[in-house]
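Dear colleague,

I am passing the structure on to you below, and after it I set out what was found. Please read the notes with the structure open beside them.

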Amino acid sequence: MFEFILHRSSFLLPNMGRLLAILIWLITAGTIAFFAWAKTKSGWWFPEAISTHAAAMDSQFKITWIVVGLAFFGAQVALGYAVWKFRAKGNERASYNEGNTRMEIVLVAITAVVFITLAVTGQRVWAGLHLNQAPPDAVQVEVTGQQFNWYFRHPGADARFGSTSPKLYNDADNTAGARPGPLGIDPKDPSGADDIVGQTLVIPVNRPISLTLRAKDVTHDFFVPALRLKQDAVPGLKINLHFTATKEGRYEVACAELCGQLHHQMRAYMRVVSQAEFDKWLSENAPK
Amino acid sequence: MAEHIQTSHAAPKGFIRKYIFSTDHKVIGIQYFFLALTAALVGLVMSLLIRLRLAWPASRWPMLEAIFPDGFKDGLMQPEFYLAMVTMHGTIMVFMVLTTAPQSGFGNYFLPIQIGARDMAFPVLNMLSFWITFLSFVVLIAALFVVGGAPLGGWTFYPTLSAIPSTGPGQALGADLWIVSIALFCVASLLGALNFITTTLNMRTHGMTLMRMPLSCWGWFTTAVIALLAFPVLLAAGILLLLDRNAGTGFFIPSGVSVSGNLIPGGGGSTLLWQHLFWFFGHPEVYIAILPGMGATSHILATFARKPIFGHKAMVVAMFAIGLLGFLVWGHHMFISGMNPKVAIAFSVLTLVIGVPSAVKTFNWLGTLWGGRIRFTTPMLFAIGFVSLFVAGGVTGLVLGQTALDVVFHDTHFVTGHFHLIMGVAAIFGIFAATYYWFPKMFARTMNEPLGKVHFWLTFVGVYAIFIPFHILGIAGHPRRYADSTGYEFLRALDPLHVFITIAAFATAAAQLVFLINFFWSLFKGKRASDNPWEATTLEWSTPTPVPHENFGELLPIVHRMPYEYSVPGAEKDYLMQAE
């Protein structure tokens, strides 16, 4: 076998450029076909989008993906063409060519315009998520990450969260009405008496939700693929984020920032329910 | 240009001074090369262990349990072992391979020769750089074997996970050793960078103007400038983190952090501070890994296309533009970190601007091939492969660089696919191209061409088969660094992709045996190399093979022309050497 490879494979040498060109084109076509095929397969592409900002995000992705595809396709096809066409032939000389400044300037101008346009248009979605305030009637939920659990706190009927303190954290009792419980809710603060703490995020459909993200120990990341939403929860910071879910159902919340040994098990559910069901859930879960 | 007096020394006699504690840049370059080769094999094995767990998370491997009794309890790979492999694979590959081989390995060997110098500016410092790097590698490997296990915080080592030993397995002594190793590496790289910069600026021979330097030298020089500015920041961050862990300083630990019910004393720090410092180094590090590969690729493309570089000056400017912009975009790793979202917009726009010089480089590589008379040697195949992979990995930067889209893709396998293509395998292809190209000069023998080609075909197809599917995983929302995805409903459909990637990874890894066999066989039995086997133009091919002590004879070469004068009309041969 070794001898064969050593001596016989040299018969490929004269056609090396053509082989390489075909291979580059096959890889290019294969890659594009693979993405097209994956798109039709259930679970191999974006999950169904269920937030108001997702449509803008998905269309920004679509535009970008077309630019990415064209750049990838164009460069690979040209590379394949060059190795197909310009292979050595006997003693023939290459064409002596040191470059073309005008072409460089045109290339710089085109790429700069396309890339900067992409960067700027993409900021609208970002601004909607992060630069605008949540509307005042938004449903408040506090999200707290802890190795390897999520806690979700609703402020209850008074619409005010009870104050918390790290000194009061008590992981031993994490029932919904526990005070201070794992979030360290101050039992002396009356506004905390009706706070609802749970390990499933329950929110009403078609209403703005304002999240406050916190972390007790290490950095976690609140990631809901269906919402097109991802945000670190960082020790020492309270990070605000708002969105509106548009479809009822049960969705998975994942941790997307490496948080230790069981990072991959830090999962929770998000239930998006009708306003009526949400009200019912609030009253059923209010601490007695 | 500066007149530099090059002092001459007699060649050392003893084995130890000649091959171990050598101050000869060529020996040091080879030492770095073998260090990187060793590290690459270790990192490769780790990546296969990672793939095992991802494809078959519930399978038992009694044979591996015999080797790693703690990592494979009852034959089952433990999540902390998986994460330790992820961390160590990343660290070893980024620092010990991608930073070491292209810059310190080939750069050390060929920068002085290509600019017509007898050695580096500071040979003793050079020796010191290597031995500190070696020590750094030993300390890093030691982290695998200490009580408490290897660190599992990822190569980015984010606090508070990395700053508080009680956050779980792997965060004890192993994490301290990791930091010490990286700190040593920073010192070594800093010394190396000083040496490269001084050598390039001061020790060029007569006629070797900056613009006449081969693009490989520009790659090493630009990289050295980046390393000089980036590594000190990581060094400082590492020292602060070490103090947090052992002296209770709390630079990166905010007040009120509580781990498993225990309040961490001190505080007042910021986890984002680490991220800023880390990525101020970490993003330029990407270019430290790729720029020498770009330089070598340009060098090799010109040689075998038998053409001058298309837009030589534009290539130099693009390289420096990438280096400069590389320092202004670190925040794109932190869009979702809690950083000020307005600042994110600036980082995002600057990030996409980096696409412009990258496009210039790609365009000029194509322009260099255009109208050429391409000789498809193994180094040329790898250089062309580099261009293909650079494009494939680079274009998805347009997605990740956008704030809004990063919200979707951050910390998913889309990122894994992106950076492995561009910073991983494209850079590795640069290393392979350089290895096949310079092997005859370094070891005075040539590598076997047919075997080299088999290695190329298998590897080229293999890396695409591995890393394109990662993008699908990411689009479907698969987070990185998950020891097991079977607990998630939305990830279940992706299991077959994990199996596919793992099979492709094992096959591609097996193909590297072809390289190893070829390399070591050629080292001892390869065909004797002539002085200039590729009919190339630059100064390394003007020296005799094997290269003598102090590189050139009594007189240093005098440079008369640009580096890539191939196919000059009217010339007798199709190449004009710089020194002729």
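Two residues are taken to be in contact if their C-beta atoms, placed from the backbone, lie within 7 Å. This is a predicted model, in which local features need pLDDT of at least 70 and side-chain atom pairs count only at pLDDT 80 or more, while totals for chains, interfaces and linings use all residues. Residues are numbered from 1 along each chain as its sequence is written, and chains are lettered from A and ligands numbered from 1 in the order in which they are written.

On the interface, 94 residues of chain A are in contact with 105 residues of chain B. Of the side of chain A that touches chain B, the largest share, 14 residues, comes from α3(A) (helices, H or I of at least four residues, and strands, E of at least two, are DSSP runs numbered from the N terminus).

In chain A, five strands form an open sheet of mixed pairing in the order β4-β10-β9-β6-β7, where two strands pair if DSSP finds at least two bridges between them. β4 (200-204) and β7 of chain A stand at the edges with a single partner strand each, so one side of each is left without a neighbour in the sheet. Within this sheet, β9(A) and β10(A) (residues 268-273) pair in the antiparallel sense over five bridges, and G249(A) stands opposite V272(A) in β10(A).

With kind regards
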